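Please look at the sequence and the model below.

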Amino acid sequence: MTTATKDQVQERVISALVEFGEEPENVTPDSRFEDLDIDSLDLVELAQVIEDEYKIEVTDADMDKIATVQDVVDFVAERQS
Amino acid sequence: MTRRVAITGIGAVTPLGVGAEALHERWAAGESGIDDGLGRCSDFEPTDHLTRRQVRRTDRFTHLALTAAAEAISQADLDEAPYDRTEIGSVMGTGIGGLSTIESEHITLREKGQRAVSPHCVPQMMANSAAGALAIEHDLKGQCFGTVSACAAGAHAVGTAARLVEHGDAIACVAGGSEAAITELAMAAFAEMGATSPTGISRPFDKRRDGFVMGEGAGVMVLEDAETAELRGAEILGYLDGYGATADAHHMTAPEPSGDGAARAIRKALADAGVEPGQLAYVNAHGTSTPLNDRSETEALKAALGEQAAKLPTSSTKSAIGHLLGAAGAVEAVATLQALRAKTAPPTLNYEEPDEGLDLDYVTDGARPLDVNGHPAIGISNSFGFGGHNAVLCMEAAT
């Protein structure tokens, strides 16, 4: 499996948030989930998307440290390296 | 009764269209929303009425409830009412809840394992989620719960909400029912128990009736203390004057043949309203088109109303939209109020062949004006559910 680039991961995370109901124009790499209308259940779903897409395990403790789109991108990059 | 309960808003999403007006106008015109043996809300596109996020986070039965409630609340102008929000309740009935969610997530679980099950599954499938979603959307902070009594759930919700208002537990209450159970499992299960019509025709009280046609939809009413509703200048559409509920304690799915449980509920609703059978102008029957219900309901009406039963126009909404299960009682309460307000009994569709002993006036030749002779138009709506639940609402149109 080829490793996803940071741009690809960012694109995937943003598309997931839009799929969750967020308006595309509201979502940037620096968007904080708490400022978006993304609740704790959406974050569980985001973790499922990451696990499924990049075949990495995401624990609750991992998600606790993630607050922005960029945090997710960095997390995936770190786990894939 | 301590406080009189006014109805200040109504809303519906049914197989006849989105909106309460479509329900009354099209049914009264003799149109049917049943297509290919099912009463689907084909005109209802959730994203036309709800945000993408609402659509994604809730099951279809909640989509229907939110849309019907928005109509009722807008008509009542309840969002702007000068009420303490902690005094406004939300009571919503359903037969099953988020059944399509349960079925699809179960498939996901079996095919992909636990980690693939949606974290939104529980809030989508639980039977109380429509009541909760309404409270969140409209900031209703009083009592909030679901009623679960199969095909009587919508009527139990409206009746219970009326009690909350009468008793002073709520100054207003959003109440109704919703159902979206046209799913593979439900269709198979109802068919296997012999409840649904193999011919796909809803013809209540007709000799050839062979079961109900499954439908989906939602009906919602805004109930409030009549005095405060008047003070705030709300338009009063009518009054919820009586509610009676009983159990057959007989069989889980078959009605008690004499209709005794249903007759007791009718008598209780009339006594609660202080209404004599002779004052009634219209009966909205449960009228499922099943062999058993339509016979026992006829017996119940005769037992409870005496000679008056044969004189009363009695029609079944299910002939036009099918059986909306937990939404039926609420949608039919909306339809009853509309019939009383328009002084028009909409017809029982598809009736051609009389059955022995089923000899009431089922309004089989098109809509008919109600004979109210200058008096207020008063009627009842019957709802009976698997489990032996009977709930009857008595309403009066505002003059």
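## Helices H1 and H4 of chain A

In this predicted model, H1(A) crosses H4(A) with right-handed geometry. The residues in contact are Lys6(A), Val9(A), Gln10(A), Val13(A) and Ile14(A) on the H1(A) side, and Val69(A), Val72(A), Val73(A), Val76(A) and Ala77(A) on the H4(A) side. Sorted by class, the residues of this contact comprise eight nonpolar, one polar and one charged.

H1(A) covers residues 6-19 and H4(A) residues 69-80; their axes come within 9 Å of each other and cross at roughly 135°. The two helices, H1(A) and H4(A), are therefore classed as oblique, since an angle counts as roughly antiparallel when it is over 145 degrees and as roughly perpendicular from 65 to 115.

## Helices H11 and H12 of chain B

Two packed helices are described by the angle between their axes and the distance between those axes. For H11(B), residues 260-273, and H12(B), residues 291-305, the axes cross at roughly 45° and come within 8 Å. H11(B) and H12(B) are therefore oblique to each other. Their crossing is right-handed.

H11(B) contributes Ala262(B), Ala263(B), Ile266(B) and Arg267(B) to the contact, while H12(B) contributes Ser296(B), Glu297(B), Ala300(B), Ala303(B) and Ala304(B). The contact of H11(B) with H12(B) consists of six nonpolar, one polar and two charged residues.

## Helix H5 of chain B

How far apart are the end C-alpha atoms of H5(B), and what span should its 14 residues have? At 1.5 Å a residue, helix H5(B), which runs over residues 99-112, should span 20 Å, and its end C-alpha atoms are 20 Å apart, so the two values agree.

The buried residues of H5(B) are Leu99(B), Ser100(B) and Thr101(B). These buried residues of H5(B) pack against three helices of chain B: H4 (60-76), H6 (121-125) and H9 (184-192). Just after H5(B) comes Gly113(B), with a positive phi of about 90°.

## Contact between the chains

Between the chains, eight residues of chain A are in contact with nine residues of chain B.

Notes
Residues are numbered from 1 along each chain as its sequence is written. Chains are lettered from A and ligands numbered from 1 in the order in which they are written. This is a predicted model: local features need pLDDT of at least 70, side-chain atom pairs count only at pLDDT 80 or more; totals for chains, interfaces and linings use all residues. Two residues are in contact if their C-beta atoms, placed from the backbone, lie within 7 Å. Axes are lines fitted to C-alpha atoms, for helices over the stretch in contact, and angles run from 0 to 180 degrees between N-to-C directions. Helices (H or I, at least four residues) and strands (E, at least two) are DSSP runs, numbered from the N terminus. Angles under 35 degrees count as roughly parallel, over 145 as roughly antiparallel, 65 to 115 as roughly perpendicular and the rest as oblique. A crossing is left-handed if the near helix is turned anticlockwise from the far one by less than a right angle, and right-handed if clockwise. Ala, Val, Leu, Ile, Met, Phe, Trp, Tyr, Cys and Pro count as nonpolar, Asp, Glu, Lys and Arg as charged, and the others, Gly among them, as polar. The expected span of a helix is 1.5 Å times one less than its number of residues. A residue is buried if 20 or more other C-beta atoms lie within 10 Å of its own, exposed if 12 or fewer, and partly exposed in between; C-beta atoms are placed from the backbone.
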